[in-house]
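Hi there,

Here is the structure I promised to pass along. Have a look at it first, and then read on for what turned up.

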Amino acid sequence: MDIKTLVEYAVFGLLGLLSVTAVAVALERRRFYGRVKAVGYTSRARLENDLTRRLNIIGTVAANAPFIGLLGTVLGIMLTFESLGASGQMDVKSIMTGLALALKATAAGIAVAIPCVMLNNWLRQHVRARLTDFDEAHGS
């Protein structure tokens with residue numbers, strides 16, 4: 001296996017792992033939000049802590065997935081130029097193929113980040129709603 005293929009597998013594997021993790025956290029949080037009773041809490045801080053637990057994972061994936069994709073693109077372009085320099089041939093086909101493969105990494109990073117941002121916003125709306133329930137029940 002050449003280094004270009006290894007980089008591609010590493011970038012796409014990492015992005016895949018991060019997206020699966022974010023979806024798993026989102027599903028767990030949504031299930032928790034369906035069960036939690038805000039009026040049963042005596043402390044707003046404890047409720048907020050319980051509601052926001054693990055949301056930072058989704059936010060971190062959303063913030064960093066484009067950078068992971070960009071890293072894959074930069075590495076792919078570097079490896080394409082390195083192989084062109086080593087071969088001494090300026091073949092347009094190999095240049096375009098290498099660049100297209102490299103740009104897939106950026107697209108994948110963005111494709112992971114956008115749904116994560118949406119999930120994070122959606123879940124934080126549930127947090128705000130439960131905190132409002134608490135405030136109304138406790139006269140805050």
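In which helix does glycine 34 lie? Glycine 34 belongs to helix H1. Please keep in mind that this is a predicted model.

Now to the inside. The largest nonpolar core has 29 residues, and those touching the most other members are Leu15, Tyr33, Leu47, Leu51, Ile58 and Cys116. At least two residues of this core come from each of helix H1 (3–35), helix H2 (44–52), helix H3 (55–87) and helix H4 (92–137). The biggest contribution is that of H4, with 9 residues. As background, nonpolar side chains tend to be buried together in soluble globular proteins.

Setting aside neighbours within four places in sequence, isoleucine 58 is in contact with Ala22, Val25, Ala26, Cys116, Leu119, Asn120 and Leu123.

Last, there is aspartate 133, which is found in helix H4. Its relative accessible area is 36%, so aspartate 133 is partly exposed: the value falls between 20% and 50%. Beyond its neighbours within four places in sequence, aspartate 133 is in contact with Ala38 and Val39. Leucine 55 lies 78 residues from aspartate 133 along the chain, and 20 Å separates their C-alpha atoms.

Technical notes: Residues are numbered from 1 along each chain as its sequence is written. This is a predicted model: local features need pLDDT of at least 70, side-chain atom pairs count only at pLDDT 80 or more; totals for chains, interfaces and linings use all residues. Side-chain values use heavy atoms; hydrogens and water are left out. A nonpolar core is a set of buried Ala, Val, Leu, Ile, Met, Phe, Trp, Tyr and Cys residues joined through side-chain atoms within 4.5 Å. Buried means under 20% relative accessible area, exposed over 50%, partly exposed in between (1.4 Å probe, protein chains only). Helices (H or I, at least four residues) and strands (E, at least two) are DSSP runs, numbered from the N terminus. Contact means heavy atoms within 4.5 Å.
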